[in-house]
There are 2 protein chains.
Amino acid sequence: MKFAILFGGNSYEHEISIVSAVVLKKVINQNLEFIFCDEERRFYHIPSEKMNSKTFSTKAYKKEKELFIKQGGFFSKGFLKENKLECECVINLIHGRDGEDGKIAALFEFYSIKFIGPRLEASVLSFNKELTKLYAKSVGVKTLDYTMVRKGQNSKEKLSFPCIIKPARLGSSIGISIVKDEKDLEYAKDVGFEFDNDLVVEEFKNNIKEYNLAGCMINDEFVFSIIEEPKKKEFLDFEQKYLSFSGHNELIEANLSEELKEKLKDSFKKIYNPLFKGALIRCDFFILDNEIYLNEINPNPGSLANYLFKDFSTTLNALADQISLEKMIKISYNFLHSINGQKGKL
Amino acid sequence: MKFAILFGGNSYEHEISIVSAVVLKKVINQNLEFIFCDEERRFYHIPSEKMNSKTFSTKAYKKEKELFIKQGGFFSKGFLKENKLECECVINLIHGRDGEDGKIAALFEFYSIKFIGPRLEASVLSFNKELTKLYAKSVGVKTLDYTMVRKGQNSKEKLSFPCIIKPARLGSSIGISIVKDEKDLEYAKDVGFEFDNDLVVEEFKNNIKEYNLAGCMINDEFVFSIIEEPKKKEFLDFEQKYLSFSGHNELIEANLSEELKEKLKDSFKKIYNPLFKGALIRCDFFILDNEIYLNEINPNPGSLANYLFKDFSTTLNALADQISLEKMIKISYNFLHSINGQKGKL
């Protein structure tokens, strides 16, 4: 399988995505192409040997070949004709906006490009934490109780403290505050409103245990990673969360009973199937009094959470093998013919 | 305001969209461009005088200039350079898949093209009738009780009859059946599963009153159409529903108390604001025992429901005037610089 990794994007996680791609390059030990989406949403074909941070931070990437999306793939302009970038499957590794909000999924679905990543509907439901809660409830998975605070609306609901305030549509802990008492509330809301008009407010539970489980469905069978209990301070910040992709830390399976492990996997299955088919996702769960709560869905986890899998490369190739394109609808023009017959020339 | 109308798409409503565009051309009495998306999802620039059904049913459109989407707009290839199609705002008039499922919204948001139509998140929530129900509930608008029937899953819930079975993701009455007793159930499910893996089943209420209300928000003020009580047989079929765009039928405001009219408008506002900003939508409601129920959201109504408005052209221009593009995120590369400092060359 010849993969291309798509990374960058007009996203607060643009730089994280570059790191994520550089790490994934080392992990996937096969012939790869690299497609960079810059902050202006132009695509560039990056040669493998130039996949380092300097290429991007100095904007040297602008000297590389620009790529355009058209039906069937990515193309560059040649002297006499357009050249198609050879690749069988694109890995969507843009984190946050563009990559996880549904834009890239829509482009690939529209232009019939095979890809690993959440489809359009799955992207929208996992990108917005409020929608994630509605979706989880509809498939029978619990989430923590919450209140929405919206820009420009005077909320009548009384918040209790300590609480955690999160912009509805951002990952990577950006814009999140823990508010210990009322006097810090306005500032935390202002911080959140810098990033989103909708804020999700949950009770802050200091000693809550978090567990991460990644996986995907391949021909109706689930492949799961180990269950990780991420280390944390109050909550993971930007750098901590992402330097972990490279698998520098030794990884130990979480110390949980078999029963709880099965419960986590069952919840994962309910979330994944069938909405997330085609993607390799990570679900972050809480466990409280032996009950499972979904915290968030990460539909393009950093470096696709390779460090959690025993045989990541085999999983990725098998996943790609069975992804198919959206079925095209055939247009007959029978309706136009029939109304022309009835009503005269349209 | 120079508009371009985008129509067609790989959708069961492809032909309807052509009719919708031909009708809208007659209604908008100003300089217009026409962009056709054919069944293979290629774009063509159609000259105004060729906007008739024959151009499409005979595939004569293939002789017209092909257009490509790139940052900032639609372009055609010229002899020495690319030519940009001059237009200030695109009206998304693709009905059903592509136009209403979020693909076109995503393309336009990604490529910074100003458009009238639902944004990405609004598209996904209104395209899927199950998600529409979850969304309506979350903003405090009632919908009829329902059961989901999913392909390949043995539903344990007992259905009662008569019921109406609808594919979750299609408009225009396609794939919908009214099932009067159990013996017709399997056939109706098969019909529905031709179009979608998820079916919404509701109790069929024979004498339910339906009311349609269209509108949009312009600078924080709502502009509403008149409230229409559509004529119907058991339910509107494909041709009936769409031949109505052209406003051949005389239109009479529904006979409702002022109180119920205000209730309908209040429900519309809850659905619209802020999710549907930038779109002119039609909400179809039921009234049962003086209570309002949302039936469905039509985010790109046929010919934009022009026939319901007193001064459609002014509304459309004012709506377009205040639409802005998604704010771009500026990338600083501070993070890449900082981890390079800490960890050596990445």
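## A partly exposed pair in chain B

E40(B) is partly exposed, with 40% relative accessible area; that class lies between buried (under 20%) and exposed (over 50%), judged with a 1.4 Å probe on protein chains only. R42(B) is partly exposed as well, at 31%. The side chains of these two residues form a salt bridge, 3.7 Å from N to O. The term stands for a side-chain nitrogen of Lys or Arg within 4 Å of a carboxyl oxygen of Asp or Glu.

This is a predicted model, in which local features need pLDDT of at least 70 and side-chain atom pairs pLDDT 80 or more, while totals for chains, interfaces and linings use all residues. Residues are numbered from 1 along each chain as its sequence is written, chains are lettered from A and ligands numbered from 1 in the order written, and side-chain values use heavy atoms, without hydrogens and water.

Helices and strands here are DSSP runs numbered from the N terminus: H or I over at least four residues, or E over at least two.

E203(B) bridges to K205(B), with the closest N and O atoms 3.4 Å apart. E203(B) is partly exposed at 47%, and K205(B) is partly exposed at 27%.

A network of salt bridges links R41(A), R97(A), D98(A), D101(A), K103(A) and E326(B). Over all chains, the count is 60 salt bridges.

## Two helices in chain A

Helix α4 (residues 120-127) packs on helix α5 (residues 129-138) in chain A. The angle is about 110 degrees, and the axes are 5 Å apart. That makes α4(A) roughly perpendicular to α5(A), a label for angles of 65 to 115 degrees. Axes are lines fitted to C-alpha atoms over the stretch in contact, and angles run from 0 to 180 degrees between N-to-C directions.

From α4(A), V124(A), L125(A), S126(A) and F127(A) meet K129(A), L131(A), T132(A) and Y135(A) of α5(A). Contact means heavy atoms within 4.5 Å. The contact residues divide into five nonpolar, two polar and one charged.

## How the chains relate

A rotation of 180 degrees, with 0.0 Å of shift along its axis, superposes chain B on chain A at an RMSD of 0.0 Å. That is the relation of a two-fold axis. The same surface serves both copies, as 99% of the contact residues of chain B recur in chain A.

Technical notes. Parallel < 35°, antiparallel > 145°, perpendicular 65-115°, else oblique. Nonpolar A, V, L, I, M, F, W, Y, C, P; charged D, E, K, R; others polar. Least-squares fit on C-alpha atoms with pLDDT ≥ 70 in both.
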